[in-house]
Amino acid sequence: MSQIILNANGAQMPALGFGTYRLRGETCARAVDAALRTGYRHIDTAAMYENEDAVGEGLRASAVRRDDVFVTTKVWTDSIGAGALERSAEASLKRLKLDRVDLLLIHWPNATIPLAESIAALNHALRLGYTRAIGVANFPSALLDEAVRLSEAPLAANQCEYHPLLDQSAVLTACRCHGVAFTSYCPLGRGDLTRDPSILAIAQRVGRAPSQVILRWHLQQPDVCAIPMSSNPAHIAQNFDVFDFSLTAQDMAALSALARPDGRMVNPGFAPRWDV
Ligand SMILES: NC(=O)c1ccc[n+]([C@@H]2O[C@H](COP(=O)([O-])OP(=O)(O)OC[C@H]3O[C@@H](n4cnc5c(N)ncnc54)[C@H](OP(=O)(O)O)[C@@H]3O)[C@@H](O)[C@H]2O)c1
């Protein structure tokens, strides 16, 4: 079994990517370099992470060919109006020292800016050549339906929080209905789930690390991508070593059954109304 490549409405997106939130400076550059040397070919950053320069440094240090890496960045929610979105994307490219990214996402919806305006600006950034594909993040199902309806170009991905404690069935169904890949952020529950007793029990039985069991749970779901973050080289390698085993349907179901109403971990005041 090797890396899985998702067809995200035409974008070829490696299903296991590397998250970089909270990584900064040299630590970030070293982690991105280590991830690429390990075999990751999908790196996730954002203007808001203030690490695009370091991500670019890591990309160059690894010597992996630019065309072999899928790079995603995001436009922060206060900059998704007409003109501002395009300027944010251009500034991201300057910091990354790239001609274009592979995927440009709206980081969060913004109730004070008309969605039609944001989606038009996103499409404009695509036409300007700043990115190969466009998408959204933190869009619940109804808002995703609306964004798809408004967008001239197909949306490649909707990046949302997802892990065994959070039921995302409604968003997953909406994504599949539109051919949009679902990218799981906080796939390890920000690391907490690697210490969950139920997950530890499955991990012990299958002879794998808890993080590997959780990542298999993501990757065995159709059209789901996961972007775990780590600053630790051993974890970076461990999280990529997941292509030579699979979970049984029973273990998949047992992990999904851990979902609970208070399972959401990222819920800022400006968040949209979630499906659940
Ligand atoms: N679109 C959005 O609004 C949004 C929001 C949040 C995150 N994201 C993206 O999603 C990425 C992932 O989310 P996240 O970073 O919040 O959480 P995460 O990937 O679920 O968890 C990261 C944490 O898990 C630990 N960890 C990683 N591998 C491990 C292993 N094998 N064993 C034990 N612990 C391990 C890391 O610690 P060590 O460093 O010690 O390994 C780190 O503390 C982000 O980096 C970012 O790119 C997007």
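Glu52, Asp53, Val55 and Gly56 in helix H2 meet Ser92, Arg95 and Leu96 in helix H3. Contact here requires C-beta atoms, placed from the backbone, within 7 Å of each other. The residues of this H2 contact with H3 split into 2 nonpolar, 2 polar and 3 charged. Ala, Val, Leu, Ile, Met, Phe, Trp, Tyr, Cys and Pro are counted as nonpolar, Asp, Glu, Lys and Arg as charged, and the others, Gly among them, as polar.

The model is predicted; local features need pLDDT of at least 70, side-chain atom pairs count only at pLDDT 80 or more, and totals for chains, interfaces and linings use all residues. Residues are numbered from 1 along each chain as its sequence is written. Helices (H or I, at least four residues) and strands (E, at least two) are DSSP runs, numbered from the N terminus.

Two packed helices are described by the angle between their axes and the distance between the axes. The axes of H2 (residues 52-62) and H3 (residues 84-96) come within 7 Å and cross at roughly 45 degrees. Axes are lines fitted to C-alpha atoms, for helices over the stretch in contact, with angles from 0 to 180 degrees between N-to-C directions. H2 and H3 are therefore oblique to each other. Angles under 35 degrees count as roughly parallel, over 145 as roughly antiparallel, 65 to 115 as roughly perpendicular, and the rest as oblique.

In helix H9 (residues 233-240), Ile236, Gln238 and Asn239 are buried. Seen down the H9 axis, these buried residues fall within an arc of 165 degrees, so they line one face of the helix. The arc is taken from the directions from the helix axis to the C-beta atoms. The buried residues of H9 pack against H1 (25-38) and H8 (210-219). A residue is buried with 20 or more other C-beta atoms within 10 Å of its own, exposed with 12 or fewer, and partly exposed in between.

H9 also gives the largest share of the shell around the ligand, 3 residues. In total, 28 residues surround the ligand. The closest are Gly19, Tyr21, Gly191, Met229 and Ser230. The shell divides into 11 nonpolar, 15 polar and 2 charged residues.

Most residues other than glycine have a negative phi. Lys97 has a positive phi, near 60 degrees. Lys97 sits in the loop between H3 and strand S6 (103-106). Arg190 also has a positive phi, near 60 degrees. Arg190 lies in the loop between strand S9 (181-185) and helix H7 (197-206). With 16 C-beta neighbours inside 10 Å, Arg190 counts as partly exposed.

Key: Two residues are in contact if their C-beta atoms, placed from the backbone, lie within 7 Å. A residue is near a molecule or strand if its C-beta atom, placed from the backbone, lies within 6 Å of it.
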